[in-house]
Amino acid sequence: MFKISEFSKLGQVSVKALRYYDQLNLLKPAHTDKYTGYRYYSADQLFQLHRILAYKELGFSLDQIRQMIGEDIPLEQIRGMFRIKQNEIQSVLDKEQAKLDRIKERLHAIESEGKHLTSHDVVLKEVEPQLVVSYRQRASLRQLPGLYRRLDDHLESCGVSSLSRMVLWHGCEECEDDMDMEVARVLAHEMPSRSPFTVKRLPGVPMMATLIHHCRTTSPCTASTELAVWIERNGYRMKENEPRREICIPHEKSDDPEAYVAEVQIAVERA
């Protein structure tokens, strides 16, 4: 038998923790002196202590640990508790990985700011009216692939083939993290509208400042910023009430399904 101070050294836990485990009926002393109140532990209880510490390290609460080691519960229920904990940890990892990806993207954008990319040439051109089917929603940038899937599923159910992908970026004064975006597919032929999908003809624009760049649909890029700088420096201004357009073509040489060659289009007029 070991005094509580000796047992705490062997188990590498504090005396305070052992007293707390005793109060919770999680790890009771093997013997308590009824006259002095001193607690004594046996060597076999080190196995139970190590199991408690192992479960605690995995993120289980002391109440959950007491259920697992102090009660006669079925093995399958214990497995279920471990599966729940596994899913909780995986969810945290996924969220943190998403944050890490956004940090990398933002770092890349910061490093690219102010650099002149000679491969990006701005072209002024006239854009003809375009027939499109679209789906508009307030959403985050990372929801963009899902919006496209919903639109493409609708087209497939209608048996309609489509051409290039397009995004219409609308202004949104009331939006916070989400954006007012409209995904669209260019159509070769007319088709009926069916809510929430709209078939319409985008108006022609006599003067559109355009820039071709590589991008991922779920990542912010600096192409629009570069185009805005060009517009300002060359004596133009954005035309009011015309959403920024972006036409996306899949990148044939990339294994990334979200990698695209895209053309940003901003309607302009002389300042």
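## Fold and aromatic contacts

The protein chain holds 7 helices and 12 strands (DSSP runs numbered from the N terminus: H or I over at least four residues for helices, E over at least two for strands). This is a predicted model, where local features need pLDDT of at least 70, side-chain atom pairs count only at pLDDT 80 or more, and totals for chains, interfaces and linings use all residues. Residues are numbered from 1 along each chain as its sequence is written, and side-chain values use heavy atoms, with hydrogens and water left out.

The chain has 271 residues, and 35% of them count as buried (under 20% relative accessible area, 1.4 Å probe, protein chains only). Its accessible surface is about 17,400 Å² (Shrake-Rupley method, 1.4 Å probe). Carbon and sulfur atoms supply 50% of that surface. Take the contacts with a separation of 6 or more: 68% join residues 24 or more positions apart (a contact means heavy atoms within 4.5 Å).

The whole structure has 6 aromatic pairs (ring centres of Phe, Tyr or the six-membered ring of Trp within 6.5 Å; planes under 30 degrees apart are stacked, over 60 edge-to-face, the rest tilted). Tyrosine 55 and phenylalanine 60 make an edge-to-face pair, 6.2 Å centre to centre with 65 degrees between the planes. Both residues are buried. Together with Phe82, Tyr55 and Phe60 form one aromatic cluster.

Charges also sit over rings (NZ of Lys or CZ of Arg within 6 Å of the ring centre and within 35 degrees of the ring normal).

| Charged residue | Ring below | Distance from ring centre |
|---|---|---|
| Lysine 85 | Phenylalanine 60 | 5.6 Å |
| Arginine 165 | Tyrosine 148 | 4.1 Å |

Methods: Buried means under 20% relative accessible area, exposed over 50%, partly exposed in between (1.4 Å probe, protein chains only).
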